[in-house]
Amino acid sequence: MSRKKIVAGNWKMNKSFQEADTLVEMILNQVNDFDEIIKIIIPPFPYLQTINTQLTKKDNFFLGAQNCHTHSNGAFTGEISANMLSSVGCKYVLIGHSERRQYFKENNTDFILKIKEVLKNNLSPILCIGETIHERKADNHFKVITEQLVNVLTAFSADEIHRFIIAYEPVWAIGTGETATTEQAQEMHAFIRGVVSGIFDATTADNISILYGGSCNAQNAQELFKCPDVDGGLIGGASLKADDFCKIIFSF
Ligand code: PGA
């Protein structure tokens, strides 16, 4: 098994440039070079290049983007391509975040096209999946997660899947302060690994990192990261405070 341990901070649409600069400096000052956890900082687009210059000073810190367009270039006013993200130092791109699904009506066709662009530009997709509270209450969560995975992953080869990270983010836990229990997280992460194994093979499933996201914080990260199939976290709110984010990094 060669799964990487990963902590990614999704800043969403938060922080001024000056605040972003200070936050990254404070995080970098607390983390040692020998720390082998993969740390991914995912700031708003305008700060990417500057933050990358800061991140490259430390080992195992990488830059991620919150979104990309389905095309490489052209007349798409206001959009940003994977090609551009790669040219400013990004290594990862979030795809399918529940906020993109909900507010921007993105669907599986968009995700497949975006991931193709991501892979073409040597970046890695962090594919976000998760059920709503209604889907969980109706006991449909395994079905929903299976569909979200199968509809996207079957468009790619096992070789391509090796570059993926999956983030399980129950929509009811995002930004709500309500976290999945360790039992719920482990159960779903093991299930996701089973679906990946069914589409590809056991080795591919064993090697893919599956992150938990949804009100993961400095207090609950350690319990969640102890679960055998939880390989780290995709952190929203708690990634905006240097001390909390670093505590999460130190939670393995
Ligand atoms: P949260 O967000 O940690 O604030 O719940 C997680 C996410 O949306 O990735």
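Biologist: How many disulfides does a search of the whole structure find?

Modeller: Happy to start there! This is a predicted model, in which local features need pLDDT of at least 70 and side-chain atom pairs count only at pLDDT 80 or more, while totals for chains, interfaces and linings use all residues. Residues are numbered from 1 along each chain as its sequence is written, and side-chain values use heavy atoms, with hydrogens and water left out. Taking a disulfide as a pair of cysteine sulfur atoms within 2.5 Å, the number found in the whole structure is zero.

Biologist: Nice. What is the angle between the ring planes of Phe 142 and Phe 191?

Modeller: The structure holds six aromatic pairs, meaning rings of Phe, Tyr and Trp (its six-membered ring) with centres within 6.5 Å, stacked if the planes are under 30 degrees apart, edge-to-face if over 60 and tilted for the rest. One of them joins Phe 142 in helix 7 (141-153) to Phe 191 in helix 9 (182-199), 49 residues apart; helices (H or I, at least four residues) and strands (E, at least two) are DSSP runs numbered from the N terminus. The pair is tilted, with centres 4.7 Å apart and planes at 55°.

Biologist: Which ring has the charged end of Arg 100 over it?

Modeller: A charge counts as over a ring if NZ of Lys or CZ of Arg is within 6 Å of the ring centre and within 35 degrees of the ring normal. Lys 39 does this at 5.0 Å from the ring centre of Phe 61. For Arg 100 the distance is 3.9 Å, and the ring is that of Phe 104.

Biologist: One for the backbone: what is the phi of Asn 122?

Modeller: Asn 122 is in the loop between helix 5 (108-120) and strand 5 (124-129), and is exposed at 63% relative accessible area. Although Asn 122 is not a glycine, its phi is positive, at about 60°.

How values were computed
Buried < 20%, exposed > 50% of the residue type's maximum accessible area, 1.4 Å probe, protein only.
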